[in-house]
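Here is a short walk through one model. Keep the coordinates open while reading.

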Amino acid sequence: MSTPSPELQREMLRQMQTIRRFEERASDDFRAGDIYGVVHSYIGEEAVAVGVCAALERRDQIISTHRGHGHCIAKGADLNRMMAELYGRATGYCKGKGGSMHIADFEIGMLGANGIVAGGIPIVTGAGLAAQLEGEGRVAVAFFGDGASNAGPFHESVNIAAAWKLPMIYVCENNLYAVQTPAAKSLAQPDVASRAAGYGIPGVVVDGNDVLAVHAAATAAVARARAGDGPTILECKTYRWRAHTERPNQPDSRPADEIAAWKQKDPIGRLVAHLQAQQGQLTEDEWQAMDAAILAAIEDSVAFAKASPFPTPESALEDVFAD
Ligand SMILES: Cc1ncc(C[n+]2csc(CCOP(=O)(O)OP(=O)(O)O)c2C)c(N)n1
Ligand SMILES: [Mg+2]
């Protein structure tokens, strides 16, 4: 397993903690009524987005899901524009008209979140085809859940990507549930990655709460895609700590002891412990300072959002591409 440099490990820690602090604030502000639409928290799953995106270059492209803030942050999105979008302000990524599930930033290769389960997978497979036709070695990555893996667009996309050897990585975030439905009740086989055999491509299962393991597996899949050898299914076993959405009445029937057990496998705590166990790589003071800087950046993003205007009523008819 390739081990990333201490600098890259600290950067991955910083990104995971940024996602966690962003999500904590987004949940609080949504419950306070300051954020519109809905918020799906990525807390507990941070190692997947960060481990995969750390294996990518800026020019590589990703697509996200309804639970998309983590992917945006890991690909380098601007926190101010993200928070402003959640706050429905004109300075947001979609000028305040999209909200949490529609953040995109083509400049950094983030092709968008998507409120349609499995809806992003064919879109980013098209990006993989474009990358192949351009021939410059870019790769494309689909993030999607265990629930999405049971939808037709997943199978159609993987089939054509395998047949045409597209430079794709299909990253399944298997957090064991689709809303309230346990994966054990909806998947014919426990591992989504085992389906890769049906398409003649590699299927890899990895501990999705171990950012170093995710990064190593993603690095291998990216190398394969860049070399023209085609797609990989990378299944990351993980867990969301919070209910499906942040709505106050959101049901959550998952067993309390199961939630508690997964919190013991905290991806952030694990990397902190790993770095601190190696002399000089992260002192307690450095970790506290890193967290304080992240909290300050989140606070700044909220101040930016609150100081920004709402979109004008007339702007509702701008940026409309069909009527
Ligand atoms: C086509 C479609 N069907 C149903 C829904 C409602 N829905 C939103 S999220 C979700 C579950 C998705 O589960 P999974 O893919 O495992 O992602 P997770 O929420 O666990 O990250 C469902 C059914 C939807 N948004 N789109
Ligand atoms: Mg799921």
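Six bridges connect β3 with strand β7 (residues 232-237), and these two strands run parallel. V171 stands opposite L234 of β7 in this pairing. The model is a predicted one.

Now turn to the other neighbour of β3. β2 also pairs with β3, in the parallel sense, again over six bridges. Here the bridge partner of V141 is I169 in β3.

The side chains split into two sets. M168, Y170, C172 and N174 point one way, while I169, V171 and E173 point the other way. Both sets are buried throughout.

Next comes the metal. Which residues coordinate the magnesium ion (ligand 2)? The donors are D146 through OD, N175 through OD1 and Y177 through O, at 2.1 Å. Along the chain, these donors follow the spacing D-x28-N-x1-Y. D146 sits in the loop between β2 (140-145) and α6 (152-163), and Y177 sits in strand β4 (residues 177-178), so this pair ties together parts that are 31 residues apart in sequence. Are D146 and Y177 buried or exposed? D146 has a relative accessible area of 1%, so the residue is buried under the 20% cut-off. Y177 is buried too, because its relative accessible area of 11% also falls under 20%.

Last, the cysteines. How many disulfides does a search of the whole structure find? The search finds zero. C53 is in no disulfide, and the nearest cysteine sulfur, that of C72, lies 9.6 Å away. C53 is buried, with a relative accessible area of 7%. C72 is likewise in no disulfide. For C72 the nearest cysteine sulfur is that of C94, at 9.3 Å. C72 also counts as buried, at 1% relative accessibility.

Key:
Residues numbered from 1 in each chain as written. Chains lettered and ligands numbered in written order. Predicted model: local features only at pLDDT ≥ 70, side-chain atom pairs only at ≥ 80, totals over all residues. Heavy atoms only, no water. Donors = N, O, S within 2.8 Å, 3.2 Å for Na, K, Ca; no water. Helix = DSSP H or I, 4+ residues; strand = E, 2+ residues; numbered from the N terminus. Buried < 20%, exposed > 50% of the residue type's maximum accessible area, 1.4 Å probe, protein only. Pairing = 2+ DSSP bridges. Disulfide = S-S within 2.5 Å.
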